[in-house]
Amino acid sequence: MKLSYQSRRTASAFLMLAVVILIILALFFPRTDRTVKVMDLLFVLDITQSMDVDDVELKGEKVTRLTWAKEYTRQALQQLPCGSHVGLAAFSESRSLVLMNPVEICSSYNDLIKMLSKIHGSMAWALSSEVSKAVFGAIDQAKLMTPSPDVVFITDGHEAPPLHDTLYPKYKKKMDGVTGVFVGVGGDELLPIPKHNFDGTADGFWKQGEVLHEDVYASLRSESAEVRNSRPKTEHLSSQKKTNIERLAKMLNFDAVLSPEKPRHIVNALENKVETRDQVVNYNWAPWFATIALLLLVLLYLPFKLIRD
């Protein structure tokens, strides 16, 4: 389709007029109150040493589980609606330490990202990894906040020392409305766990003789030496412990998203699981008007056949 010179000038004039109107709207159109569904969340990241195993992919490259967890958290935050409140915590030993209380995500996004970037394995205050107790602690922390956030617990599920079935801990308190989602990270293959000092300095890998391969109460049970010796001695290696994550999720009535391909899968699980609340936000339409104006300028000045041919 070809347009005459006069038609092209007329089309260009109308487009330019539309651009001017849109820019004026972007500058002066009043904000409007809008009711949106928002969530209150506490993201808890596992920073134990098994999270330093590099067996997950990010943008086509192998990265550590913790690097993956931080990037997926960042991308998930970008997909939450303004008005949502998000806090950050780190898990080591048997405790979840709150690093940042929940704050409104849009007005405090830069603060959240800055804090997220500083989460590192060298922050760990102990070498053990008691996932179940750390989840219970995160729930207790959430119940102390108003409103109580739901928990997003990102972990490979590796318990160290390992747990015996008869000693598996149970959460005996009331949930008080707190729910959440487990996000499992890590591959299925057992791989060596990197070892580092408390200052973060790399120190090779954990060896078989340097870790416990059974729970600390094993010697007190009336088990034969044959039974104890038959247990696999692979606790110096790590993979995603999907069974442990799913077991915890079932106990706590959490959802479990194992090795999600996209951060959107985490957000979808949250939308289906956690209780949202209505929040009136003062909505700014300027980005929409400015974006449309920019697209019209591109249409006006680039050699599209509709106008220039």
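## The disulfide of Cys 82 and Cys 106

The link between Cys 82 and Cys 106 is left-handed, with -85° about the S-S bond, in a model that is predicted. The sulfur atoms of Cys 82 and Cys 106 lie 1.8 Å apart, and a search of the whole structure finds 1 disulfide (a pair of cysteine sulfur atoms within 2.5 Å). The pair links distant parts of the chain, 24 residues apart: Cys 82 sits in the loop between helix H2 (65-78) and strand E5 (85-92), while Cys 106 sits in the loop between strand E6 (95-104) and helix H3 (109-118). Helices (H or I, at least four residues) and strands (E, at least two) are DSSP runs, numbered from the N terminus.

Cys 82 is partly exposed at a relative accessible area of 40%, and Cys 106 is also partly exposed, at 38%; this class lies between buried (under 20%) and exposed (over 50%), for a 1.4 Å probe and protein chains only.

## The packing of H4 and H6

Helix H4 (residues 131-143) and helix H6 (residues 242-252) have axes that come within 11 Å and cross at roughly 35°, where axes are lines fitted to C-alpha atoms over the stretch in contact and angles run from 0 to 180 degrees between N-to-C directions. The crossing is right-handed, meaning that the near helix is turned clockwise from the far one by less than a right angle.

Contact (heavy atoms within 4.5 Å) is made by Val 131, Ser 132, Val 135, Phe 136 and Ile 139 of H4 and by Asn 244, Leu 248, Met 251 and Leu 252 of H6.

## Basis of the values

Residues are numbered from 1 along each chain as its sequence is written, and side-chain values use heavy atoms, without hydrogens or water. In this predicted model, local features need pLDDT of at least 70 and side-chain atom pairs count only at pLDDT 80 or more, whereas totals for chains, interfaces and linings use all residues.
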